[in-house]
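Here's a friendly walk through one protein model, piece by piece. Keep the picture open while you read.

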Amino acid sequence: MERTTDDLRLDGNAAAGLLGEIFAFETTTAITICSGCDRASPVGTLVLYGQHMGAVLRCPGCGQVMMVVTRPHGEWWLDLRGVRIMRVAAGPSRDQAR
Amino acid sequence: MTEGADSGPRLVWREAEVLAVVAETASARSITLRVPDWPGHAAGQHVDVRLTADDGYQAQRSYSIASPPEQADIVLTVERVEDGEVSSYLTEETRPGDRLELRGPIGGYFTWTGTLPGPLQLVGGGSGIVPLMAMLRHRANERTRPAARLLSSWRTRDAIIYRDELERLASDDPQLAVVHTLTRESPPGWSGPRGRIDADMLRAFAYAPEQQPRLYVCGPTPFVEAVADALVQLGHAPECIKTERFGPTGDR
């Protein structure tokens with residue numbers, strides 16, 4: 001199958017495993033506010049490109065790069081350049097909830 | 001408040017045991033897995049599966065969970081894709097007693113818990129039906145259920161996954177409608193629609209915007225985007241449309 005860059009567009013749901021290696025909360029329901037257009041988007045709806053060498057998550061509204069996740073040499077590099085605010089539901093910690 | 005089951009702090013890889021492998025179609029297999037310390041999941045969540053070769057090479061893919069939260073052992077339905085490293089192994093080589101590495105459940109956005117108001121409208125393309133099936137199975141276990149419709153698109157009749165079970169569910173439940181459309185063939189006796197899901201088909205078979213349905217769309221990226229655009233064009237509120245894209249390979 002011939003693939004174009006466009007074909008490889010996914011959504012933030014597909015980055016949930018990757019982000020789950022970094023964050024201790026469920027990331028796909030966390031709300032990001034885009035620093036470019038102020039749109040509020042659950043991480044699950046961000047537009048995801050690439051996953052193996054690194055993931056780029058863009059705003060579904062204006063297309064601005066919101067997050068870049070790479071893993072060089074056993075460290076996570078998390079670039080949150082386009083996220084003005086991230087809102088995460090508060091509550092009991094997961095260990096307490098279970 | 002978030003929906004969906006917690007997946008615990010940081011994701012950990014667990015070793016799961018294959019209990020059963022069932023052929024759903026010529027290319028799709030349902031694999032039942034016993035996962036130690038499985039924390040439970042919500043309908044719509046997925047897992048990551050990791051395979052490690054003898055030389056240490058690893059390949060990892062995501063697969064939606066097909067079984068409802070009520071079931072302790074989880075079921076993944078995997079469709080074999082051309083050149084798919086992981087799906088080929090899972091659909092052709094995996095046998096009961098094998099062990100697989102997986103982590104999950106993952107994702108809380110594309111989930112349905114049954115507590116949301118409004119009828120449930122599911123739209124699936126090919127194996128994009130898998131997380132939607134988890135929702136329908138979960139719904140079937142609920143005492144009070146919203147009305148639900150599934151509209152799914154397949155190349156051929158023989159490619160339809162869960163066809164018999166869906167027929168059974170719908171025949172037992174006047175509140176559930178299941179419609180399949182075929183894009184590549186018109187077999188004798190086929191009474192369902194033909195062709196791709198577009199605005200006309202959604203107008204004919206899906207809930208109207210004024211019925212305020214909860215919309216879940218899952219399938220290959222071009223399918224999901226075309227359906228979501230058509231739904232918005234019909235007047236559905238974008239925030240009521242939840243989508244999950246599989247990418248070009250369908251390896252998820």
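Let's start with a pairing in chain B: strand S3 (residues 46-52) and strand S4 (residues 58-64) run antiparallel, joined by 7 bridges. Strands and helices here are DSSP runs, numbered from the N terminus, with at least two residues (E) for a strand and at least four (H or I) for a helix. Two strands pair if DSSP finds at least two bridges between them. Look for Leu51(B), which stands opposite Ala59(B) in S4(B). The hairpin of S3(B) and S4(B) has 5 residues between the strands, and Gly56(B) takes a positive phi near 95° there.

This is a predicted model, in which local features need pLDDT of at least 70 and side-chain atom pairs count only at pLDDT 80 or more, while totals for chains, interfaces and linings use all residues. Residues are numbered from 1 along each chain as its sequence is written, chains are lettered from A and ligands numbered from 1 in the order in which they are written, and side-chain values use heavy atoms, with hydrogens and water left out.

## More about S3

S3(B) also pairs with S6(B), in the antiparallel sense, over 4 bridges. There, Asp48(B) has Arg103(B) in S6(B) as its bridge partner. How many of the 7 residues of S3(B) are buried? The count is 6, and the strand is mostly covered. Buried means under 20% relative accessible area, exposed means over 50%, and partly exposed is in between (1.4 Å probe, protein chains only).

Leaving aside residues up to four places away in sequence, Thr52(B) touches Tyr57(B), Gln58(B) and Glu101(B), where contact means heavy atoms within 4.5 Å. Thr52(B) and Leu100(B) are 48 residues apart in sequence, yet 9.4 Å apart in space, C-alpha to C-alpha.

## A covered strand: S5

Now move to strand S5 (residues 74-79) of chain B, where 6 of 6 residues are buried. Ile74(B), Leu76(B) and Val78(B) point one way, while Val75(B), Thr77(B) and Glu79(B) point the other way. S5(B) is joined by 6 bridges to strand S2 (residues 28-34) of chain B, and the two run antiparallel. In this pairing, Ser30(B) stands opposite Thr77(B).

## Rings and charges

Phe and Tyr rings, and the six-membered ring of Trp, pair if their centres lie within 6.5 Å; planes under 30 degrees apart count as stacked, over 60 as edge-to-face and the rest as tilted. Phe23(A) is buried at 16%, whereas Phe25(A) is partly exposed at 24%.

The other pair is Phe110(B) with Tyr216(B), edge-to-face at 5.4 Å centre to centre and 80° between the planes. Phe110(B) sits in the loop between S6 and S7 of chain B and Tyr216(B) in strand S10, so the pair ties together parts 106 residues apart in sequence. Phe110(B) is buried at 2%, and Tyr216(B) is buried at 1%.

Charges meet rings as well. The charged end of Arg50(B) sits over the ring of Trp13(B), 4.1 Å from its centre, and that of Lys242(B) sits over the ring of Tyr109(B), 5.0 Å from its centre. To qualify, NZ of Lys or CZ of Arg has to be within 6 Å of the ring centre and within 35 degrees of the ring normal.

## Two packed helices

Helix H2 (residues 129-141) and helix H3 (residues 163-171) of chain B pack at an angle of about 35°, with their axes 12 Å apart. Axes are lines fitted to C-alpha atoms, for helices over the stretch in contact, and angles run from 0 to 180 degrees between N-to-C directions. Residues of H2(B), including Met133(B) and Leu136(B), meet Glu165(B), Leu166(B) and Leu169(B) in H3(B).

Which bond joins Gly104(B) and Pro105(B)? It is a cis peptide bond, with omega about 0°, and Pro105(B) lies in strand S6 of chain B.

Tyr162(B) has a positive phi of about 65° although it is not a glycine. This tyrosine lies in the loop between strand S8 and H3 of chain B and is buried, at 3%. Gln212(B), also not a glycine, has a positive phi near 50°. Gln212(B) is exposed, at 62%, in the loop between helix H4 and S10 of chain B.
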